[in-house]
Amino acid sequence: VMHRFMRVLGLQGKSFLPLSLGFGCNVPAVMGARIVEESGGRLLTILLVPLVPCSARLAVLAFLTPIFFGPAALPVAVGLVALNLAVFAVTGVVLSRTVFRGRRTPFIMELPLYHVPRVRTIAWFVWDKTLTFLRNAGTTIVLLSVLVWAAAYFPRGGLDGSYLAQFGRALAPMGAAMGLDWRMLVALLTGFIAKENAVATLGILYTSGSAGAPLAGTLAAQVSPAAALAFLTATMLFIPCVATVAAMRQETGSWRWTLFGVTLVLGIAVGVATVVYQLARLGALAMN
């Protein structure tokens, strides 16, 4: 049913279901891409999955938009999701006509033989795939999680004076183009473990030294609407979490394609957030 629509993105109709799973979590979406038999279509599906807004990103969006935009939170949130999906579509079209040009194959779908499911067979299949994921991807998840935790803790035992905070301060010139200070950049980086970490990081960095100060009031007072819009845009498009990266490595079997996908999404996030900030800033100046 969805094949004609997905063909515009250079994909087959079979890619629709894995991509739909991405709204819940990008990890099963990446793993679900294995139902696409054609290698180019499967790889393109995997590369596009991180651009599907997962439930964790939507949770951050739902928490922060009322803080930054008050009564206008709903239209802003809907607009950001729509922007996210538009970027997803444009990226799919561009990749299918450049990197994956000429890799299309006819869509042939054979109906399988249907049998009454056997509980034992299903249980064995689930157990085997679970162990495979834990063995292959789990090691990557643990390693990357430990590295990010160490960067956020050492050398002073706290996030504010950590190596990660120092890295965020070093990226401040780049963040200036997006209207983001180093604290917001660090919040984006800690989202690499889990997207919800961005809110916790903002709470630590913006309320440190302000005992009893509520996060909502502090953010609303210190972050301009244009910068808030850029931050939320970057959050929706930023690099996937560590579990998704591990799943991408497992399914592609290549660090080269995994790093290409992460770099691509990072470039898109920075570029789109910069454009959004500059347009919002110019719009605010014009209104004043």
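A salt bridge here is a side-chain nitrogen of Lys or Arg within 4 Å of a carboxyl oxygen of Asp or Glu. Keep in mind that this is a predicted model.

By that criterion, the structure holds three salt bridges. One of them joins the side chains of Asp 181 and Arg 183, at 3.0 Å from N to O. Asp 181 is partly exposed, because its relative accessibility is 26%.

Next, Lys 14 and Glu 37. Their side chains form a salt bridge with an N to O distance of 2.7 Å. This pair links distant parts of the chain, 23 residues apart: Lys 14 sits in the loop between helix H1 and helix H2, and Glu 37 in the loop between helix H3 and helix H4. Glu 37 is exposed, at 55%.

Then there is Arg 34 with Glu 251, a salt bridge whose closest N and O atoms are 2.5 Å apart. Arg 34 is in the loop between H3 and H4 and Glu 251 is in helix H14, so the pair ties together parts that are 217 residues apart in sequence. Arg 34 is partly exposed, with a relative accessible area of 37%, while Glu 251 is buried at 18%.

Last, the surface patch. Ile 122, Trp 124, Phe 125 and Val 126 make up a nonpolar patch, and together they have about 440 Å² of accessible area. Val 126 belongs to helix H7, which covers residues 119-153. Val 126 is partly exposed, with 44% relative accessible area.

Conventions:
Residues are numbered from 1 along each chain as its sequence is written. This is a predicted model: local features need pLDDT of at least 70, side-chain atom pairs count only at pLDDT 80 or more; totals for chains, interfaces and linings use all residues. Side-chain values use heavy atoms; hydrogens and water are left out. Patches are made of residues with over 30% relative accessible area and no salt bridge: like charges are joined within 9 Å, nonpolar side chains (Val, Leu, Ile, Met, Phe, Trp, Tyr) within 5 Å. Accessible areas come from the Shrake-Rupley method with a 1.4 Å probe; for residues, only the protein chains shown count as cover. Helices (H or I, at least four residues) and strands (E, at least two) are DSSP runs, numbered from the N terminus. Buried means under 20% relative accessible area, exposed over 50%, partly exposed in between (1.4 Å probe, protein chains only).
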